[in-house]
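Trainee: Please take one part of this model and go through it closely. I would like to see how the pieces there meet.

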Amino acid sequence: MRRERVPIVVAVLATIGAAFFILPLLGLIVRSPWGDAIKALTAPETIEALKLSMIASLSATLIGVVLGVPLAWVFARVEFPGRNLLRALTTLPMVLPPVVGGIALLLAFGRRGLVGSWLDTTFGITLPFTTAGVVMAETFVAMPFLIITVEAGLRSMDRRYEEAARTLGAKRWRVFTRVTLPLIGPSLFAGAVLCWARALGEFGATITFAGNFPGVTQTMPLAVYLLLETNQEASYILSLVLLLISLLVLVALRHRWLGSA
Amino acid sequence: MGRMRNRVLLVCVATALVTACGGSAAPTATTLSGTAFIFAAASLTDSFKALGTAFQTAHPGTALQFNFAGSPTLVTQIEQGASADVFASADITNMDKMKTDGFTAGTSQVFAHNKLTIVVAAGNPRGITGLADLAKPGVIYITAAKTVPAGKYALQILANSGVKVTPRSLETDVKSVVGKIQLGEADAGIVYTTDVIAAGSKVQGVPIPDSVNVIATYPIVTVKGARNAELADAFIADVLSADGQAKLKSFGFLPAS
Amino acid sequence: MSLDAAVRLTLGALALDIGLAIEEGEVVALLGPNGAGKTTLLRAIAGLVPITSGHVRLDGKVLEDAATGDYVPTEARPIGFVFQDYLLFPHLSVLDNVSFGLRSRGTPPRDASEKAARWLELVGLNSYARAKPNELSGGQRQRVALARALAPDPRLLLLDEPLAALDVTTRAEVRRDLKRHLASFPGLRLVVTHDPIEAVALADRLVVMENGKLVQTGTPGEVTERPRSQYVADLVGVNLLAGHADHGLVHLTGGSVVAAAAAESGEVFAVIHPRAVALHQRRPEGSPRNVWPGRIKGVEMMGGRVRVRIAGDVPVVAEVTPAALKELNLDEGAEVWLSFKATDVGVYPA
């Protein structure tokens, strides 16, 4: 393929754009105290935060899949009054400032919340300050990513494959599991990965709704934030860990963003 | 008290000398202008805002921008390059850190003290009567993180009184603690008496006996490299003045000396 | 064993209103131009499109009845469907594709695979059992699609343009194989096609559709000898006129009168083969009573012969030799006279 010559203005702007992203990452890599990296990474608080982050984000992703796929299916396949409004609402957390999301969760599921007060008085269950609360906060902000990705996949798949399956005698559940799901596999995978990455990085809603306590609700992003005040170098190292995970996500999804080779 | 007044006098004379010797371009107190960024501990939110409004009215053409957060957060921000002109901390430790790291100009001065109290939701639904009740089963106790002065003080108070209780959350500043008590998410916390006053009827305080209580010390300083050092110094002088001290007292702060 | 369908439905701009019956032993082809509603009718029989009124009955059992509201869902109908672009499941191997229908209907995995393997052998693709559909050629995929539809032993086999996706060279060979498979299939067979060669080659009976309605039905011979619509006439390549017969004359709906030896009475179709149409530069004299002026609309070379389309009171297509073309100076737009003998006009009731 002949290389097209890049107009100078485009080259300059593109370079500035690239620098905008590369420099902060470079700064993180250069300023990190690599000598103390092992110590920072193996400190008990770090391990605790990492473990909690993994458990919470994977749980959030699992819930996201279990609840999000049916929602996506309904949005893609079923016409009903108010569908567009409902779809907009489930996408709202993507644009909502996370702290606002946290406050909304408190008002719904906090001890005096719409549902939370009932949970408290009937079952004695409180969600704030618990790991379950962390999972809820993360699910709230991350599930929309899965929903829109899977919905797009369902809309773009050739539905005639489902018809073909039906002519072969497959009932609806079998059509869904043996034909639809495999065909939207890439979308489902991408949606789940995005959901997981977003859940892993969530800060505002988590600290507002679930609070901050090591081992229970102190996820990696919260730990990094607090370390910034006490042990800056350790916070750089932990930031790098989160950065590495984000990079892995991008690599896993590169074919989606850049198109298959 | 006397020492405090001498210090104030010293600052006033020094300021006058500085402005007088500053040369033809040096502005006097009546020609203050521009903007100054005041980074102050969260517990100073309401009082400093009031001080700021009064100051700006008295000195038209000046603008004071406030940034309230937990003291350690402010230290981090300033040390990472945020442009602050004034730093007011809720404890000596954070101020010392600023000094050691070379971010202060001149000497810091104590401008207020504060006592701590237990805060509960209005009506005291859980019936908290003292520190020991914080450890009651079913009571959700939260506090600020231990690097935040309020959090550190709370730990000291609990140690002093021998009460062992694990907080359910470590907030990043004292106002968040008050906020969650207000919302009803947590039952009790240890915050400044000024915070309880500021929150009005939404919360109420349960006093901590003086024998175990801690007196918080609030120092203030001009930040090194402040863009508007004159305005910074003027504001600090205002805080330390009789007028400023009276305002702080009206918010529940204890006097500087 | 039979299929009895009376289907009325509207889908977009298409209004379908047609009755169809298929008996045991006959291969029926639905023939018609694009947009005639052939595929829609097929899909309605399969239960993929709802019918507004009418019914579908297979072997006496009601699959769908708009009046009573009975509806057997597609997956419960004993049908096999071969789609125009095959729709082989891209994520499954060829063997798993073929065994899909068996597995869906409850056959244990091992038996299903065995049976599927036997079907693959029947269509000559057993060495491709593990391959994915995208590794196969068009003709191979067609065979897999057929095997997949037949493996569950359906009662009714529906094929939607089974050869349309193939290139011309593959098509003839695959058509022969398809005819063989259709012949050995014991159930009812309905093929949709827009290709008359395909229809004639595969079917025992043709059902011609146009604009959602039945136009003509009969054996391939009957249909081609006696076309009842311009579409079929064009397919066969003859001139078709319609009118009212009156003892040796046919009064066309346009007003002109055609002398036809076989004309008796009633509404009739009149058929004239293009070779029977003679062209003249001046009004001819002599015996032919069927003489009209016309203007040449177009001239086409077709395999050594020349087809001339003429517009006028009696629009026809004439077939002449290239020599005649030169001799008569036949050009587009030229004025010309056409004639044909009364004995060359075929007449049959409309």
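Mentor: Two residues are in contact if their C-beta atoms, placed from the backbone, lie within 7 Å. By that rule, 14 residues of chain A are in contact with 15 residues of chain B in this predicted model. On the chain A side, helix H12 (residues 220–230) gives the most, with 4 residues. Sorted by class, that side of chain A has 6 nonpolar, 5 polar and 3 charged residues.

Now for the part to look at closely, a helix pair within chain A. Two packed helices are described by the angle between their axes and the distance between the axes. Here the pair is helix H8 (residues 160–167) and helix H9 (residues 172–183) of chain A, whose axes come within 10 Å and cross at roughly 155 degrees. An angle over 145 degrees counts as roughly antiparallel, so H8(A) and H9(A) are roughly antiparallel to each other. The crossing in which H8(A) passes H9(A) is right-handed.

As for the residues that meet, H8(A) brings Tyr161(A), Glu162(A), Ala165(A) and Arg166(A). Facing them from H9(A) are Val175(A), Arg178(A), Val179(A), Thr180(A) and Leu183(A). By class, this contact has 5 nonpolar, 1 polar and 3 charged residues. Thr180(A) is the polar one, while Glu162(A), Arg166(A) and Arg178(A) are the charged ones.

Conventions. Residues numbered from 1 in each chain as written. Chains lettered and ligands numbered in written order. Predicted model: local features only at pLDDT ≥ 70, side-chain atom pairs only at ≥ 80, totals over all residues. Helix = DSSP H or I, 4+ residues; strand = E, 2+ residues; numbered from the N terminus. Axes fitted to C-alpha atoms, helices over the stretch in contact; angles between N-to-C directions. Parallel < 35°, antiparallel > 145°, perpendicular 65-115°, else oblique. Left-handed = near helix turned anticlockwise from the far one by under 90°.
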